[in-house]
Amino acid sequence: MTIQSGSLVRPRSKLRLALGREANFGDLAFRRLTALFAASVIVLLVWMAIQMGIASKLSLAHFGLGFITASDWDPVRDHYGALPFIYGTVVSSLLALCIAVPISLGIAIYLSELAHPRLRTPMGFLVELLAAVPSVVYGLWGIFALAPWLRETVEPLLAKTLGFLPLFQGPHQGFGMLAGGIILAIMITPTISSVSREVLRAVPQTLREGATGLGATRWEVVRVAVLPYAKSGLVGAVILGLGRALGETMAITMVIGNRSEIAISLFAPSYTMASVIANEFTEATGELYLAALAEIGLLLFGVTVALNVIARLLVWRVGRLPEGGRL
Amino acid sequence: MFFGRRELLVLAAGLSFACNKPAGGEAEKGKAASPVPVPSQATPISLNGAGATFPYPLYSKWMAEYNKQFPNIRINYQSIGSGGGIRQIIAGTVDFGATDAPMKDDEAKQAPGKLFHIPATIGAVVISYNVPELTESLKLTPETLTEIYLGKIKKWNDPKIAADNAGAKLPAKEISVVYRTDGSGTTAVYTDYLAAVSAEWKDKVGAGKSVKWPVGLGAKGNEGVSGQVKTTPYTIGYIERAYATQNKLPMAELKNKSGKFVAPGTAAMSAAAEGVEIPPELHISLVNSSAEAAYPITGYTYLLVYADAKDPTKGEAIAKFLWWALHDGQKFAESLDYAPLPAKVITQVEARLKDLSAGGKKLL
């Protein structure tokens with residue numbers, strides 16, 4: 001870090017000698033301006049957190065910590081507990097990652113290492129096109145295609161083969177945690193795979209050549225030379241995908257079944273934090289109700305920050321492992 | 001999302017209207033006796049409203065038609081939901097609000113002035129289902145419907161359902177229950193009905209725009225519920241009538257208070273309103289009406305205006321628009337699956353509109 005900034009300073013001072021004061025003033029103005037832009041993000045973030053804190057004051061005071069541990073959500077009686085929504089958000093996002101990460105990495109490795117150069121551009125373009133599909137379209141597809149398919153084919157099959165696990169028990173309804181996780185997985189795959197592809201492309205060609213020279217097969221080149229070099233970038237790609245999964249509202253609410261209950265089975269309906277805000281805020285009347293919804297927003301904010309911090313720590317840990325760490 | 005299909009519906013209705021009556025403007029002029037007061041056409045006036053999504057297709061039709069007749073008056077309506085409509089009219093950020101459920105007293109107290117409820121039209125919530133074996137329309141009593149939604153009746157061939165559907169082929173399949181997950185006037189009207197017919201429902205669940213459902217899956221929006229009913233066999237769900245007619249979904253006949261099985265139709269909806277005396281505050285629940293031909297899950301939807309307008313120009317324009325909606329506007333209701341207001345309600349609303357003032361000066 002220090003070496004880098006030192007090497008940056010020197011050319012600038014040379015430039016100043018050559019161009020005189022104006023360049024220095026321009027530099028300074030530019031630096032201030034960009035610093036302002038950078039600071040605006042932080043200010044916005046803090047401001048939003050404070051605003052949501054104020055909006056949820058009533059609920060914070062009324063329920064305290066019990067809000068997080070209670071699982072009753074009854075607007076008629078003004079009882080609010082957020083646990084089922086926290087559970088739904090975290091589990092659906094993790095499920096989505098479990099499905100999307102192997103597929104996305106596969107896509108990225110294929111496109112950057114194995115595919116014929118002529119195929120790379122059109123295929124990469126198609127993958128990115130998936131990211132441009134509006135989420136409501138995914139939701140409608142989920143209602144009319146995915147959920148019936150899950151109900152008729154996938155869920156009976158899972159129940160037959162893996163039915164001894166509590167994860168795959170219960171009635172087959174199509175709508176539920178499994179449908180939600182799959183929709184999210186489809187939505188975050190383009191994000192993860194296109195960022196991963198860029199990361200893999202940035203791996204120096206010499207590494208691949210070196211590994212090949214040592215007699216490595218194609219797979220070994222990827223495993224030994226490419227992936228370890230790219231790993232922090234790849235984790236970054238996964239974090240981007242996770243961020244999208246946590247915040248996704250429309251598509252998941254259309255297929256997840258929207259029941260504020262915690263069930264182990266992936267076939268059972270669930271509910272997410274973003275969904276309950278979107279579903280109930282517009283028609284919510286009553287101060288405590290509105291405050292409870294605002295507190296859900298605050299919690300979503302908190303969960304997102306917490307998961308991102310965990311992911312960052314993971315990157316840091318992986319980076320410090322011996323031999324660069326294995327992925 | 002809500003708009004998507006509804007907007008098409010509005011458009012289609014608009015087109016068919018335009019085709020049927022190419023000389024609509026002429027016909028309007030011919031009716032010289034029309035009681036509609038003509039707004040001043042000197043200056044352009046822009047009015048803003050916000051609120052309920054349930055009557056949005058009708059309101060947007062009204063506003064477009066009114067603008068055609070009086071091009072200097074533009075009315076914008078944001079269908080942000082009843083809750084939002086109430087909040088915005090209290091804050092004074094809109095010129096009129098709209099809501100399906102009447103304002104609560106503590107909400108009315110927050111407003112800087114007295115707000116009038118103006119009944120605008122009548123809507124119905126229908127029970128739709130997907131039972132491939134059934135050839136005739138399903139008949140349900142308040143008891144069977146409540147028990148299905150309480151999770152007590154679990155199979156389609158339950159003797160309680162079979163008792164009202166003699167001869168119908170009812171399969172031994174699990175009933176899959178669907179409800180609206182987003183807060184909505186549709187849910188408010190439906191749960192209001194269930195609470196009216198069942199003490200147990202009132203006790204355990206209650207009525208509101210969002211409730212804690214004992215069983216079932218939640219779908220988003222009318223389109224979500226109708227989508228689930230359409231694609232999932234053995235499902236039952238409640239939706240706004242327009243969605244059932246548009247999606248050609250079957251609608252159950254419900255046993256009303258006087259013991260007759262009634263299918264949801266505009267005549268049965270108007271009949272429900274005729275059977276309920278509307279009190280001076282001009283808002284009342286229509287569910288479980290005692291009229292003989294009434295469909296029981298019916299409700300008014302309201303526009304909210306300040307009794308005394310701050311801005312006399314805008315106040316006058318709103319009053320005249322409401323008058324128009326109350327008379328000329330009612331004929332658009334049926335083609336959009338709402339029922340027109342009964343004559344005696346119109347008389348009562350007329351009297352209320354004549355009370356509207358600005359700075360103490362009457363507007364009509």
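A crossing of two helices is called left-handed if the near helix is turned anticlockwise from the far one by less than a right angle, and right-handed if clockwise. By this convention, α8(A) and α10(A) cross in a right-handed manner. Helices here are DSSP runs of H or I with at least four residues, strands are runs of E with at least two, and both are numbered from the N terminus.

The structure is a predicted model, in which local features need pLDDT of at least 70, side-chain atom pairs count only at pLDDT 80 or more, and totals for chains, interfaces and linings use all residues. Residues are numbered from 1 along each chain as its sequence is written, while chains are lettered from A and ligands numbered from 1 in the order in which they are written.

Confidence comes next. For chain A, the mean pLDDT (the predictor's confidence in each residue, from 0 to 100) is 87, and 90% of the residues reach 70 or more. Two residues are in contact if their C-beta atoms, placed from the backbone, lie within 7 Å.

Returning to the helix pair, α8 (residues 177-201) and α10 (residues 218-247) of chain A pack at about 150°, with axes 8 Å apart. Because angles over 145 degrees count as roughly antiparallel, α8(A) is roughly antiparallel to α10(A). Residues making the contact include Leu184(A) and Ile188(A) of α8(A), and Val226(A) and Leu234(A) of α10(A).

Between the chains, 26 residues of chain A are in contact with 30 residues of chain B. On the side of chain A that touches chain B, α7(A) gives the most, with 5 residues.

Technical notes. Axes are lines fitted to C-alpha atoms, for helices over the stretch in contact, and angles run from 0 to 180 degrees between N-to-C directions. Angles under 35 degrees count as roughly parallel, over 145 as roughly antiparallel, 65 to 115 as roughly perpendicular and the rest as oblique.
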